[in-house]
Structure formats: C-alpha cells, structure tokens
Amino acid sequence: MTERIIPRDEYTGLVITSASGMLNLTGWNRDEFRIKDLFGSEVQESGIKTKDKKGQLEISSSEDLIIHLPHDLPVTIQSVSGDAKIRGILGEIEINSISGDLNLRDVGSLTIKNVSGDLIASRIQGFLRADTVAGDCLADNIQGQVELKGVGGDVQLEKIDGGFDINTAGDGM
C-alpha cells in the first residue's frame, strides 16, 4: 500500500467524482489529506487522479480508495461503485450514488440520493436525509431529523433526537 500526502492549504472541501471500488473516508485532526491505494502501486501512476477545482480537492479513482482528511471539511461524493465507509467527518456530507452498502459513524449532517445496498448510520450529529435506499436502513443515535423517502427493505431506528418521516416498502419498521 502506498500513500500520497496533500497539504490542506486553501482547500474548502473534498469532491469524490468517482470511485470504481470501495471507498473509505476518515476525518482526522491534521491539516492534510492522505490518499492510499490498496494495490501497492505509486499513487501518481495508479488509477487515482487528483486536481484542484474551484478551491476544492477533486479525486477520482478506478480502484479502491482510502482517504484521511481534515474532519471539519464538507464532502461531496458523486459516485461509488462499491461499498463506502465514512467516519469522523463533521462537515456536511452530500452523496449522489453508492452502488453497495453505506456505513456512516460519527459524522455531521448528510443528504443521500441513492444507496443500492444497506444504509447503516450511527452517531450522526445533525440531520439524515435519504431519497432511495434499496436495502435495509439501520439508524442509531441521530441528533437531528431523519427523512427516508424510499426504503426497499426494513427500517430500524433508535435514539432519534429529532422527528422522522419515513416511506418504506420493507416488512416493517
């Protein structure tokens, strides 16, 4: 496994345009991004591409992607072809499409358009909004409103501080 360190400098957010494999995002207290691949190749020669776009760090990858980033930055994820695990990010998170399961822990407010697998969310410090979850949804310890517009599987909610609005096609709630 190799890694690349990018200083935070003037970056105001992170945009993942595409990840063709698994995505693992972890917030930390450093003013830098650490990007890793799982195949041992040099990041500059691998399928991971980075660029500065309007003050945001934009990353695309044709393989699995592991990123540590400053925990207070907002994150936008356009497309992940596999599972995604996100933890420790307090900036607002916007997700367009996850083709696998989505696991969230210790994050700020988030808006999700589509998850093709299960959604597991724990210790969310804000609202949780999801348009479509094809699988089950398990949410625990949410400090804001929960809005699930379309869940194909079962829904299990525990310790929700805000209200909730749920539409489900599964067996129960």
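Which residue in β7 stands opposite I35? In the predicted model described here, the residue opposite I35 in β7 is I67. The model is a prediction in which local features require a pLDDT of at least 70 and side-chain atom pairs count only at pLDDT 80 or more, whereas totals for chains, interfaces and linings use all residues. Residues are numbered from 1 along each chain as its sequence is written, and side-chain values rest on heavy atoms, with hydrogens and water left out.

The protein chain averages a pLDDT of 90, and 91% of the residues score at least 70. Over residues 40-44, pLDDT stays under 50, and the model has twelve contacts beyond four places in sequence for this stretch; a contact means heavy atoms within 4.5 Å. Where pLDDT is low, the predicted coordinates should not be read in detail.

The strands discussed below are DSSP runs of E of at least two residues, numbered from the N terminus (helices are runs of H or I of at least four residues). Two strands are taken to pair if DSSP finds at least two bridges between them. Strands of a sheet pair through backbone hydrogen bonds, either parallel or antiparallel.

Strand β2 runs parallel to β8 (residues 75-77), and three bridges join the two. The bridge partner of V15 in β8 is T76.

Burial was classified by relative accessible area: buried means under 20%, exposed over 50%, and partly exposed in between (1.4 Å probe, protein chains only). R8, in the loop between β1 (3-7) and β2 (13-19), is buried, with a relative accessible area of 18%. Not counting residues up to four places away in sequence, R8 touches D31, E32, F33, P70, D72 and L73. V107 belongs to strand β11 (residues 102-107) and counts as buried because its relative accessibility is 0%. Beyond four places in sequence, the contacts of V107 include I86, R87, G88, I89 and L90, as well as R123, I124 and Q125. V107 and L23 are 84 residues apart in sequence and 16 Å apart in space, C-alpha to C-alpha.

A nonpolar core is a set of buried Ala, Val, Leu, Ile, Met, Phe, Trp, Tyr and Cys residues joined through side-chain atoms within 4.5 Å. The largest such core has 46 residues, of which L14, L25, I77, I86, L102, L104 and I112 touch the most other members. Among the residues that L104 touches beyond four places in sequence are I86, I112, L119 and I124.

Ten salt bridges were found in a search of the whole structure, each defined as a side-chain nitrogen of Lys or Arg within 4 Å of a carboxyl oxygen of Asp or Glu. The side chains of K51 and E58 form one of them, at 3.6 Å from N to O. K51 is partly exposed at 45% relative accessibility, whereas E58 is buried at 12%. D106 and R105 also form a salt bridge, with the closest N and O atoms 3.6 Å apart; D106 is partly exposed at 24%, as is R105 at 38%. A salt bridge of 3.6 Å, N to O, likewise connects K149 and D131. This pair links distant parts of the chain, with K149 in strand β16 (residues 146-151) and D131 in strand β14 (residues 128-133), 18 residues apart. K149 is partly exposed at 47% relative accessibility, and D131 is partly exposed at 33%. Salt bridges with shared partners join R129, D131, E147 and K149 into one network.

Notes: pLDDT = per-residue confidence, 0-100.
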